[in-house]
Amino acid sequence: MDALSFLPMRRLLELLRSGQLGVLELTEHYLARIARLNDGPNGLNAVAELSEDVHEQAIRLDSRRELRTLPLFGLPILLKDSIDAAGLHTTGGSLALADNLVTRDAPVTAALRRAGAVLTGKTNMTEFAGYTSLRMPNGFSSRGGQVRHAYDRRRDPSGSSTGSAVALSAGLCAAALGTDTCFSTVACAAENGVAGLKPPPGTFSCAGILPLSPTFDAVGLLARDLDDALLLYAALRGEPPKPAAPLPVRGLRIAVNTFGSERMPPELAALCRTLLQALAADGARVAPIEQAHAPQMETIFQYEFRPALENYLRAAPCRVKTLRDLVEFYEADPARMPYGIDDLRAALDGASGPDAPPYLAALAHCKACRTQVRAQLKDFDLCVMTGMTDILHYAGLPSLSLPLGTAADGTPRGVILYGADERRLYAAAAAVSTYCAPVPPPRL
């Protein structure tokens, strides 16, 4: 097992700052691993593109000792192919945007550079964050092909920050950025044995990021564990690193959202039961609640996608400038997207404008629901999701996923947590994480 590939960021920073490990040495280590594992018939296909100046970035950081105090000094980090980085393409996984070679960093990318990270390159993703067709598999894109799970190539790698989660899972980077509109980061993390963090939408600017729905879009963080995710979070915010101090387990107030729990895979359900029983045995107070799925979220997607996308495309150096251009690109040759473009066509034909009654009604429902959900959670430190409900995203709540353990076949499982208060959520999650079984790296 290649231990260096799976060290947490905190340990890598110790080695880099002390000089026991060079930035160029670490960067070349990950590049060699990408070259060995990413391509070929059985490759992971997680990395879409590498930065041409990646060696220059590393050499610059090695040469300047005064930079060693930067919060992400020398850490090679990959970006989802929807986040702008100067000198790299931003395609959202689409062949239609293959010419979108951007010249400016998104604000979140600029924050990574200021924090001392090495921007290694871009990861493949589910095309347009999954808003292409419901028939399209997670991790598939017309530009990049199919991303494969590091533990089992036959397993669903989840979406849409698929390449970022798989790359981290496989030890191809120290951390990765994704985006999260509705599970795109936290579900990917849960299915790939890493930690995922979705701060509340609006925490980070989504300028320079291909959008899906501005109401719900957020930058997503992928790291080895919760402490690493919070280190990355603080660095992007320009704040000192601050690990969450775990709340005492005795008296911890845990809600369990049981909506849709009958559809939970049996092995994940068993792991969650074991976790909750152990927490309750040590004094945590566990109570069921029900927070249902919100179908109005799809209406908001449908009405927001076109104006948000076209706002991005107007300033982008690509030929496609409108949603109509995009739809016509696919329809000119249906083989370009074998799973169809139902969602894109619906956004083009079925969304009449920002004053449309269905859209305004959905926004009003969302606002009322947010108040209701937060009131229901105010007496809890966190909520455990045990079914399939998008309510945490619909309500604009912070969420995260923790590696929970492995199934009988050795593939990882994770637990998704959310809460009304961000600080309480992270402190409670830090306590819960001590009850989660370790997830070994994949055998690659």
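Figure 1. Ser 160 sits in the loop that runs between β5 (145–146) and α5. As in every view here, what you see comes from a predicted model. Look at the peptide bond that leads from Gly 159 to Ser 160: this bond is cis, with omega near 5°. Ser 158 belongs to the loop between β5 and α5 as well. Its phi is near 70°, which is a positive value in a residue other than glycine. Both features are worth a second look, because most residues other than glycine have a negative phi, and most peptide bonds are trans. Is Ser 158 buried or exposed? With a relative accessibility of 8%, Ser 158 counts as buried, because the limit for buried is under 20%.

**Figure 2. Thr 162 in helix α5.** Thr 162 is part of helix α5, which covers residues 162–169. Its relative accessibility is 0%, so Thr 162 counts as buried. Which side chain does the side chain of Thr 162 meet in a polar contact? The partner is the side chain of Thr 126, at 3.2 Å. If we set aside neighbours within four places in sequence, Thr 162 is in contact with Asn 124, Thr 126, Asn 138, Gly 139, Val 147, Pro 157 and Cys 188.

**Figure 3. Phe 183 and its positive phi.** Find Phe 183 in the loop between β6 (175–180) and α6 (186–192). Phe 183 is not a glycine, yet its phi is positive, at about 80°. The relative accessible area of Phe 183 is 8%, so this residue is buried.

**Figure 4. Helix α7 beside helix α14.** Here you can follow helix α7 (residues 226–236) and helix α14 (residues 422–433), whose axes lie 10 Å apart. How are the two helices oriented to each other? They pack at an angle of about 150°, and α7 and α14 are therefore roughly antiparallel. From α7, the residues Leu 226, Leu 230 and Tyr 233 meet Glu 422, Tyr 426, Ala 429 and Ala 430 of α14. Sorted by class, this contact has 6 nonpolar residues, no polar residues and 1 charged residue.

**Figure 5. Helix α7 beside helix α1.** Helix α7 also packs with helix α1 (residues 9–18): their axes come within 9 Å and cross at roughly 65°. On the α1 side, Met 9, Arg 10 and Leu 13 make the contact, and on the α7 side Asp 227, Asp 228, Leu 231 and Leu 232 do. By class, there are 4 nonpolar, no polar and 3 charged residues in the contact of α1 with α7.

Figure 6. Pro 398 is placed in the loop between α13 (391–394) and β12. The relative accessible area of Pro 398 is 2%, so this residue is buried. Which residues does Pro 398 contact, leaving aside its neighbours within four places in sequence? They are Lys 198, Pro 199, Pro 200, Leu 417, Tyr 418, Gly 419, Glu 422, Leu 425 and Tyr 426. For a sense of distance, Pro 398 and Ile 416 are 18 residues apart in sequence and 11 Å apart in space, C-alpha to C-alpha.

**Figure 7. Thr 411 between two strands.** Thr 411 lies in the loop that links the ends of the chain stretch between β12 (399–406) and β13 (412–418). Thr 411 has 1% relative accessibility and therefore counts as buried. The side chains of Thr 411 and Arg 413 are joined by a polar contact of 2.7 Å. Not counting residues up to four places away in sequence, Thr 411 touches Tyr 151, Asp 152, Arg 155, Gly 405 and Thr 406.

Figure 8. Tyr 330 is a residue of helix α10. At 3% relative accessibility, Tyr 330 counts as buried. Beyond residues up to four places away in sequence, Tyr 330 touches several others, including Glu 127, Phe 128, Met 337 and Leu 344. Leu 344 takes us to helix α11 (residues 342–350), where the buried residues are Asp 343, Leu 344, Ala 347 and Leu 348. These residues are on the same side of α11, because they cover an arc of only 135° around the axis. The cover over the buried residues of α11 includes α9 (296–314) and α10 (323–332).

Key: Residues are numbered from 1 along each chain as its sequence is written. Side-chain values use heavy atoms; hydrogens and water are left out. Buried means under 20% relative accessible area, exposed over 50%, partly exposed in between (1.4 Å probe, protein chains only). Helices (H or I, at least four residues) and strands (E, at least two) are DSSP runs, numbered from the N terminus. The arc is that of the directions from the helix axis to the C-beta atoms. Contact means heavy atoms within 4.5 Å. Axes are lines fitted to C-alpha atoms, for helices over the stretch in contact, and angles run from 0 to 180 degrees between N-to-C directions. Angles under 35 degrees count as roughly parallel, over 145 as roughly antiparallel, 65 to 115 as roughly perpendicular and the rest as oblique. Ala, Val, Leu, Ile, Met, Phe, Trp, Tyr, Cys and Pro count as nonpolar, Asp, Glu, Lys and Arg as charged, and the others, Gly among them, as polar. A polar contact is a pair of N or O atoms within 3.5 Å; within protein, one must be able to donate a hydrogen and the other to accept it, and residues adjacent in sequence count only if both atoms are side-chain atoms.
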